[in-house]
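Morning, everyone. Please have the model up on your screens while I talk you through a few places in it.

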Amino acid sequence: MVKIDKTVKKETLYIASFVVVFSLLLEAVFLILHKWDYTVLLGNLLGAFVSVLNFLLMGITVQKAVLLDAEGAKKKVRLSQSLRMLMLVAFAAVACIFKCFNVIAFAITLLFPRIAIFFRAYFDKKNNNQ
């Protein structure tokens, strides 16, 4: 069992918070467009779980990789990236196969961590300029 570094926990919590806020906005958009049903909620929940898990696993990998030499770290990160991509594809297949998940809500939710990372960089840059 790996002890998760406090920075990995903090950044994962930031991503999870952002995913929750944007998930609520996504649900609101579906409601406003009169396209909401329980599948939107389930697709959104599945996407939120997978996207936060993906980020957490990436953080743990980086945490372990910094303890290795350059070549070992490179291999570890590449393997993690491949396995996490396989995980995303597997969950996407589940979302597509089982009709209880809205695939669009699932897919959009997978983008939320990238948006959170963009905003984090923007706000960090803005705070450093003050």
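Start at the surface. L31, W36, Y38, L41 and L45 form a nonpolar patch there, with about 510 Å² of accessible area together. A patch takes residues with over 30% relative accessible area and no salt bridge; like charges are joined within 9 Å, nonpolar side chains (Val, Leu, Ile, Met, Phe, Trp, Tyr) within 5 Å. A salt bridge is a side-chain nitrogen of Lys or Arg within 4 Å of a carboxyl oxygen of Asp or Glu. Areas come from the Shrake-Rupley method with a 1.4 Å probe, and for residues only the protein chains shown count as cover.

Two notes on the source. This is a predicted model, where local features need pLDDT of at least 70 and side-chain atom pairs count only at pLDDT 80 or more, while totals for chains, interfaces and linings use all residues. Residues are numbered from 1 along each chain as its sequence is written, and side-chain values use heavy atoms, with hydrogens and water left out.

Which helix supplies the largest share of the patch? Helix 2, residues 38–65, with 3 residues. Helices here are DSSP runs (H or I, at least four residues; strands are E, at least two), numbered from the N terminus. L41 is in helix 2. L41 counts as partly exposed because its relative accessible area is 35%. The cut-offs: buried is under 20%, exposed is over 50%, partly exposed is in between, with a 1.4 Å probe and protein chains only.

Now the loop between helix 1 and helix 2. H34 sits there. Its phi is near 60°, a positive value in a residue other than glycine. Is H34 buried or exposed? Exposed, because its relative accessibility is 73%.

On to the inside. The largest nonpolar core has 13 residues, and Y14, I15, V19, L26, F30, A105 and A116 have the most contacts inside it. A nonpolar core is a set of buried Ala, Val, Leu, Ile, Met, Phe, Trp, Tyr and Cys residues joined through side-chain atoms within 4.5 Å. Helix 1, helix 2 and helix 5 (112–129) each supply at least two residues of this core. Helix 1 gives the most, with 6 residues. Take L26. Leaving aside neighbours within four places in sequence, L26 is in contact (heavy atoms within 4.5 Å) with N44, A105, I108, T109 and F112. Apart from this core lies another, of 7 residues, among them V50, M87, L88 and A95.

Next, S80, in helix 3 (residues 70–97). S80 is buried, because its relative accessible area is 10%. Beyond its neighbours within four places in sequence, S80 is in contact with L57 and T61.

Last topic: rings. Rings of Phe, Tyr and Trp (its six-membered ring) pair if their centres lie within 6.5 Å; planes under 30 degrees apart are stacked, over 60 edge-to-face, the rest tilted. How many aromatic pairs does this rule give? The count is 6. F22 and F112 form an edge-to-face pair, 5.5 Å centre to centre, with 65° between the planes. This pair links distant parts of the chain: F22 is in helix 1, F112 in helix 5, 90 residues apart. F22 is partly exposed at 23% relative accessible area, whereas F112 is buried at 5%. F118 and F119 also pair edge-to-face, at 5.6 Å and 65°. To finish: Y14, F18, F22, F112, F118 and F119 form one aromatic cluster.
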